[in-house]
Amino acid sequence: MITTTKQLLAISSAALLLSASACKPKNAATAVSSDAASKAYVAPGKYDEFYNFVSGGFSGQLSVYGLPSGRLLRVIPVFSVDPEKGWGYSEETKPMLNTTHGNVPWDDLHHVELSQTNGEIDGRWVFVNANNTPRVARVDLKTFRTAEIIELPNSAGNHSSPFITENTEYVIAGTRFSVPPDDVNGDVPINTYKKNFKGYISFIGVDKTTGKMDISFQIECPAINFDLSHTGKGPSSGWFFFSCYNTEQANTLLEVNASQRDKDFIMAVNWKKAEEYLKAGKGKKVPAKYVHNTYDDKTHSSVSETKNEVTVLSAKDLKDICYFIPCPKSPHGCDVDPTGEYIVGSGKLAALIPVFSFSKIQSAIAGKQFDGEYDGIPVIKYDAALYGEVQKPGLGPLHTEFDGKGNAITSMFVSSELVKWNIKDLKVLDRVPTYYSVGHLCIPGGDTKKPNAKYVIAYNKITKDRYLPTGPELAQSAQIYDITGDKMQLILDYPTIGEPHYAQAVSADVIKGNSVKFFKIEENANPYATKGEGNTKVVREGNKVHVYMTCIRSHFTPDNIEGIKVGDEVYFHVTNLEQDWDIPHGFAIKGANNAELLIMPGETQTLKWVAEKSGIWPFYCTDFCSALHQEMQGYLRVSPAGSNVPLTYSTGKNLPAADSTK
Amino acid sequence: MKKTFVYVAFSVALLAAACGGNNQSASKDNTAASEEKKPSENPSYDPKRGEGKFTHVDVAATLDPKMAESGEKVYQLKCSSCHKTTDEKLVGPGWKGVTNRHAAEWIMNFVTNTDEMLNKDPQAQAQLEICLVRMPNQNLSDDDARHVYEFMRKNDGVK
């Protein structure tokens, strides 16, 4: 027995040695080189070099990581409620999640786009999309908070969104599902898709100074699926490119029925031309309801406003706004290189990657090198637009980012790899495995004029055996590769929140200096703010009771409240009087049916609490704030509906009567 | 615990004694010393002035009521949660007599450079051992600090 084991060991060791020397890297152990750890290491107390804004997918939130450490710095609530931060639960943030369908507490956040000036990331805002109930949000990078959410009419599955133009003039959002327009009766048979459905792309104007969004116009397009999009730049400034699939116009079993045609389309949109038409009054004002929600850092509260009209330009009638370019097999990614000359379409089912030339597209349009029309839109001849094809890049090309040195890196979903290729000669230069099934990828500034190509990050859909098992549901992951040399080198892999789709990264220097440390209490314009402990009060208005409360290390004022009656709606308006960085206070009260408040220094937030039973209801600070944090607590007394207990409130004054222990 | 307290109280008393005497000349000597050496090094540390940007504050013999009024507003907003104007301790010590215990420079440095003072200044540290809550930096502007000081003077009976 012993001999057998020894023999087996000897044989297997020999086999291991052999296999190690013979095969190319297939698993993590061989794919990671010895200096990987030092490349991803950021010493305790040191800052990362890059911020990485990563979509949280079906979590509805936006996560922020540091690179190259992969440390999770923050999760910014956007489209989903977040009880931890009171997002969507405090009275001040509730309007942010309002839609024409009422309060929508969840969404699916897919894409992330940092604002740009002159085609470079300017670090002011990051835009993100809600896929399910079509919306676009703007996150302010001074506060790392969602500042604005706008809903999109005539849309469904807001997927090719929220990509921006070179100077953030517009955020562009194309519908994934074509649907009947909002202003007609949508109660039609589903199989009348070709007749009754339309595809809309929205151009959301962005105010240069404030970032405020408003839908400038929509372009009505044929009923197909718009998948992804990217802005032109340099020579292709003023143009926008969309990938389109389901040009079969299938309305059922798309897996098969939308994969029939050999080529679908890239749609090139001349938005400068669209602007001209708009100015010339060619737009049609169409009834369409959508909401626009804004958060104000001075009032520390949000407003939801309903709009009733949108201006629509018809691509069919105004012939020279939109052009279709045939693109092989259900294109997904639609990416424009830093020079603005090359447009890369990635056909999910294609065995090659087509690269289109903007100058050739322009000549083709000028020379009318068309292959007829598709639903009234001119179709440019494939060869007339094509620069060339990358042959045998891998299986399932999805997305491409650029290194600014003449190369592109494309993610391959089916063959689980990143493939680097040269844009000019279209030759594959390098490939590395991902673990597993990579979707999006990100190079800092990788879709801008000036990539900062130190790393490429792969965002993987499947992790299987990569981490300790956690039951049937496993985390998705990100993997960082050093791309400073000729060979891409895996240096770190870490789990992410939700499902990461697109992500962007930028040098920390562009953002970190602008970070707000606290809100100035003098500027707090919340109507329920309490500026100073002397102004605290409790006011009854019928069955509504407003508690104007302050907090500071380590007490609430008032912390003893009596005279609340069963059936009262109590509004705790809590102002954090602190004026120092990183000193939020929390507020939680027993039995609250919503969540806690997390109040930043200088801010006022409100929690609604309904008194359902008489008794004593404790409240306390949830965010460890000082050595006496555990003392930061209070009591609310609730009496029966008809009771005559007077309304009283105080801190430090409600002392026991002399004989109270008897 | 009690012993610690006694020790602390004793140190404070000693320090207070060391700082007593002719205020003006002591202040001058220390200023000179601090110019020669780096201000952060301990031998040059002026416990009367504290650590911060205020090296000399001009204080008139009589009260500036406008400043005091403005200082009271700052007090109501940012200080009153923890400090009473009597000698009663709430979270922090009561303010009665504070302008007799500390120089204007020390107070203004403490309220604008709180963390550094708490890390360095023996009197601030002694007070922390009593209160056990680090005073929050309430980000007072230079003017705020001066006005609060004037309000403290008013509170201490300066007319």
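A residue is called buried if 20 or more other C-beta atoms lie within 10 Å of its own, exposed if 12 or fewer do, and partly exposed in between, with C-beta atoms placed from the backbone. Helices (H or I, at least four residues) and strands (E, at least two) are DSSP runs, numbered from the N terminus. The structure is a predicted model, in which local features need pLDDT of at least 70 and side-chain atom pairs count only at pLDDT 80 or more, while totals for chains, interfaces and linings use all residues. Residues are numbered from 1 along each chain as its sequence is written, and chains are lettered from A in the order in which they are written.

With these terms, strand S8 of chain A (residues 135-140) can be described: 5 of its 6 residues are buried, so the strand is largely enclosed by the rest of the structure. Two strands are said to pair if DSSP finds at least two bridges between them. Strand S7 (residues 120-130) of chain A pairs with S8(A) in the antiparallel sense over 6 bridges, and Ala130(A) stands opposite Arg135(A) in S8(A). S7(A) and S8(A) form a hairpin, with 4 residues between them. S8(A) is also joined to strand S9 (residues 145-151) of chain A by 6 bridges, and these two strands run antiparallel. Here Asp140(A) has Arg145(A) in S9(A) as its bridge partner. S8(A) and S9(A) likewise form a hairpin with 4 residues between them, and Phe144(A) in the turn has a positive phi of about 55°.

Further along chain A, 4 strands form an open antiparallel sheet in the order S30-S31-S32-S33. Its edge strands, each pairing on one side only, are S30 (438-442) and S33 (489-495) of chain A. From one strand to the next, the twist averages 25° (axes are lines fitted to C-alpha atoms, and angles run from 0 to 180 degrees between N-to-C directions). S30(A) and strand S31 (residues 455-460) of chain A run antiparallel and are joined by 3 bridges; Cys442(A) has Ile457(A) in S31(A) as its bridge partner.

The view now widens to the whole of chain A, which has 8 helices and 45 strands. Of its 662 residues, 50% count as buried.

An automatic or database domain assignment gives chain A domain 1 (75-409) and domain 2 (526-650). The centres of these domains, taken over C-alpha atoms, are separated by 44 Å. Two residues are in contact if their C-beta atoms, placed from the backbone, lie within 7 Å. By this criterion, 10 residues of domain 1 of chain A are in contact with 13 residues of domain 2 of chain A.

Chain B has 8 helices and 0 strands. Buried residues make up 35% of its 159 residues. Among the contacts in chain B with a separation of 6 or more, 69% are between residues 24 or more positions apart. Where the chains meet, 18 residues of chain A are in contact with 13 residues of chain B.
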